[in-house]
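Please examine the sequence and the three-dimensional structure shown below. The paragraphs that follow lead from a pair of helices to the ligand and then to the core.

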Amino acid sequence: MIQKSEEKKKTTIASQASVTNRETRQMKWSLERNQMAATSSSSFSIGSIPHGSKTCSLGQSNNHGIKFNSRNHLNNFTGLKAVTSINPNSNSKSSIFGNNITVRPATITKTRPNTIKVTASFKVAILGAAGGIGQPLSLLVKMSPLVSDLHLYDIANVKGVAADLSHCNTPSKVRDFTGATELPNCLQDIDIVVIPAGVPRKPGMTRDDLFNINASIVKTLVEAVADNCPNAFIHVISNPVNSTVPIAAEILKQKGVYNPKKLFGVTTLDVVRANTFVSQKKNLKLIDVDVPVIGGHAGITILPLLSKTKPRVSFSDEEVAELTGRIQNGGTEVVEAKAGAGSATLSMAYAAARFLESCLRALDGDGDVYECAFVESEVTELPFFASRVKIGKDGVEAVIGGDLEGLTEFEKKGLEALKGELQGSIEKGVAFANK
Ligand SMILES: NC(=O)c1ccc[n+]([C@@H]2O[C@H](COP(=O)([O-])OP(=O)(O)OC[C@H]3O[C@@H](n4cnc5c(N)ncnc54)[C@H](O)[C@@H]3O)[C@@H](O)[C@H]2O)c1
């Protein structure tokens with residue numbers, strides 16, 4: 001009886017995650033025990049879980065990149081996880097690239113215990129690392145086995161954050177850089193730059209109210225990125241993302257180093273919220289839920305495509321209206337609850353860490369990485385648009401336009417309604433960068 005129940009647990013876990021054998025080898029998700037921490041009993045990797053087609057039990061080396069002395073711990077672990085991926089060889093939906101795509105449920109791949117080697121080889125810089133997002137994000141990145149060097153930069157003193165983190169017995173080397181004169185050094189040989197620098201919203205402020213301060217901060221930082229690590233992936237978190245990403249693009253163009261495939265507005269928090277709220281509302285296992293969120297990253301420009309939720313689930317009109325509103329206003333919910341003490345920081349750090357880990361996996365050769373992000377795009381008439389993108393070693397490999405097909409009337413209206421505001425925010429950013 002006990003044995004049966006254990007088997008059932010394992011099967012449940014196995015159905016909750018997926019990777020292919022190839023992915024498992026390439027991505028080196030788990031650490032060998034002696035690599036992560038000589039004394040610790042567990043380790044885990046941040047980021048979303050890739051998806052494959054084979055199943056197996058979770059041994060010492062499992063596909064979340066988690067290792068525990070007892071397997072029972074795994075039953076409680078949900079992980080930072082993008083649940084579904086898009087299979088370019090399937091025939092259910094077509095993308096603008098002519099590929100047919102489908103979203104498939106997660107499965108898990110068999111791996112031999114202790115056969116996965118980790119090469120912590122990527123260099124990550126966090127600009128604004130002393131802040132509300134920057135600190136927990138730095139901690140999560142410090143836990144990634146794929147990161148060899150973690151550079152923390154801020155105009156505020158970031159030495160203490162770096163000293164604190166450097167005591168964690170995980171592989172990456174942490175260095176601190178404070179003030180503009182140290183920024184060029186911070187950016188040398190960096191693979192991914194994450195930008196959460198700026199001021200957060202206060203109650204009553206919209207993301208656009210932040211524009212004047214954060215636009216200048218992003219401009220200055222991206223100029224330094226262009227000068228010092230022009231080939232790096234750039235993850236823009238600073239709001240309003242709908243404007244700061246176009247600003248970054250213009251600055252990079254002015255510097256002659258713009259590569260649209262490597263510039264991302266981080267909208268992962270919208271997906272994370274959508275998955276959480278839908279799973280609560282429909283009583284679904286959180287780990288199985290995946291809702292694409294498209295458009296932009298402010299108010300009505302955030303458009304969750306509930307009709308494309310995986311696993312398939314039906315919603316009443318009232319539920320669609322309520323969930324859409326809650327996802328669009330998730331940031332305001334936190335801003336008001338914090339009552340003047342800032343905006344979402346912990347959930348944002350989680351979301352940014354998930355997006356970062358996905359990009360690290362892509363850089364490491366994983367050929368099956370999909371995330372929603374605000375990128376240069378041709379899926380609509382707007383020059384930038386958030387949608388699912390396939391990420392590879394060189395950045396965006398494909399923008400998945402198929403999600404815009406077969407929308408419900410509610411979603412079609414939402415899409416049309418967001419275009420004016422999003423266009424305005426994009427133009428505002430472009431004008432700022434070129435004034
Ligand atoms: N993309 C999203 O989903 C999302 C979600 C939440 C918050 N945000 C945005 O993230 C940003 C940061 O939020 P927070 O709560 O961490 O704010 P915070 O004020 O706690 O931290 C911001 C940090 O940036 C630093 N900073 C300011 N100017 C800088 C500069 N020129 N160079 C380097 N560092 C600089 C500050 O010293 C501070 O440490 C805000 O713009 C906020 O609106 C985005």
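Which residues in α8 meet residues in α13? Asn242, Ser243, Thr244, Pro246, Ile247, Glu250 and Ile251 in α8 meet Leu422, Ser425, Ile426, Lys428, Gly429, Val430, Phe432, Ala433 and Asn434 in α13, where contact requires C-beta atoms, placed from the backbone, within 7 Å. These contact residues comprise eight nonpolar, six polar and two charged; Ala, Val, Leu, Ile, Met, Phe, Trp, Tyr, Cys and Pro count as nonpolar, Asp, Glu, Lys and Arg as charged, and the others, Gly among them, as polar.

The structure is a predicted model, in which local features need pLDDT of at least 70 and side-chain atom pairs count only at pLDDT 80 or more, while totals for chains, interfaces and linings use all residues. Residues are numbered from 1 along each chain as its sequence is written.

Around the ligand there are 33 residues, of which Gly128, Gly131, Gly132, Gly198 and Asn239 come nearest; a residue belongs here if its C-beta atom, placed from the backbone, lies within 6 Å of the molecule. This shell divides into 18 nonpolar, 13 polar and two charged residues.

In soluble globular proteins, nonpolar side chains tend to be buried together. The largest nonpolar core here has 105 residues, and Val124, Val193, Ile234, Ala248 and Ala352 touch the most other members. Such a core is a set of buried Ala, Val, Leu, Ile, Met, Phe, Trp, Tyr and Cys residues joined through C-beta atoms within 7 Å, buried meaning that 20 or more other C-beta atoms lie within 10 Å of the residue's own.

Terms used: Two residues are in contact if their C-beta atoms, placed from the backbone, lie within 7 Å. Helices (H or I, at least four residues) and strands (E, at least two) are DSSP runs, numbered from the N terminus. A residue is buried if 20 or more other C-beta atoms lie within 10 Å of its own, exposed if 12 or fewer, and partly exposed in between; C-beta atoms are placed from the backbone.
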